[in-house]
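Hi everyone, thanks for having me. Please have the sequence and the 3D view open while I talk, and stop me whenever a word is new.

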Amino acid sequence: MSTPSIANNAYQMAAKLQQQARAIEDKAGAPEAAGLDFSALVNEAVGGVVDKGRVADDKAVGMIEGKSDVVDVVTAIAETEVALETMVAVRDRVISAYEEIMRMPI
């Protein structure tokens, strides 16, 4: 398994999300645009996880057909796992923030 490449892919995804978040902050003057950008950011992140899952599936099928190497399959599955764990962590933080906001007195 290629741990450095998995870490590099995770870092690149996080850096891309951070750049998009900064772009959203720059447009803070227009609430409608910021809302659309946030939804696009979430949609893109989920799409990335789905795409990694499809790549892992394709590699697994390729291995069964004799077209892929076992190392490629394991690497693709590990990258999918990292992407999914990242998405779950973000989801947990969003839910935690929502619960904290709901506990605030009005």
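Residues are numbered from 1 along each chain as its sequence is written, and side-chain values use heavy atoms, with hydrogens and water left out.

First, confidence. pLDDT is the predictor's confidence in each residue, on a scale from 0 to 100. The protein averages 80, and 73% of the residues score at least 70. Which element has the lowest mean pLDDT, and which the highest? Helix 1, residues 3-26, has the lowest at 67, while helix 3 has the highest at 91. Where pLDDT is low, the predicted coordinates should not be read in detail.

Now the overall layout. Helices (H or I, at least four residues) and strands (E, at least two) are DSSP runs, numbered from the N terminus. Of the contacts with a separation of 6 or more, 59% are between residues 24 or more positions apart; a contact means heavy atoms within 4.5 Å.

Let's look at helix 3, which covers residues 70-103.

How much of the protein is buried? Buried residues make up 16% of the 106 residues. Here buried means under 20% relative accessible area, exposed means over 50%, and partly exposed is in between, with a 1.4 Å probe and protein chains only. In helix 3, the buried residues include Val73, Thr75, Ala76 and Glu79. Val74 also lies in helix 3, but counts as partly exposed because its relative accessibility is 36%. Its C-alpha atom is 8.9 Å from that of Lys59, 15 residues away along the chain.

Next, the charged pairs. How many salt bridges does the structure hold? There are three, each being a side-chain nitrogen of Lys or Arg within 4 Å of a carboxyl oxygen of Asp or Glu.

In one of them, Arg54 meets Asp51 at 3.8 Å, N to O. These two are about one helical turn apart, because they sit three residues from each other in helix 2, residues 31-65. Arg54 is exposed at 52% relative accessibility, while Asp51 is partly exposed at 42%.

Another joins Lys67 and Glu65 at 3.5 Å, and Lys67 is exposed, at 68%. The remaining pair is Arg91 with Asp92, at 2.8 Å. Both partners are partly exposed: Arg91 at 45% and Asp92 at 40%.

Finally, the surface. The protein exposes about 7,900 Å², and carbon and sulfur atoms supply 62% of it. Such areas come from the Shrake-Rupley method with a 1.4 Å probe, and for residues only the protein chains shown count as cover.

Phe38, Val42, Val46 and Val50 form a nonpolar surface patch with about 310 Å² of accessible area together. Patch members have over 30% relative accessible area and no salt bridge; like charges are joined within 9 Å, and nonpolar side chains (Val, Leu, Ile, Met, Phe, Trp, Tyr) within 5 Å. Phe38 is in helix 2 and is partly exposed at 47%.
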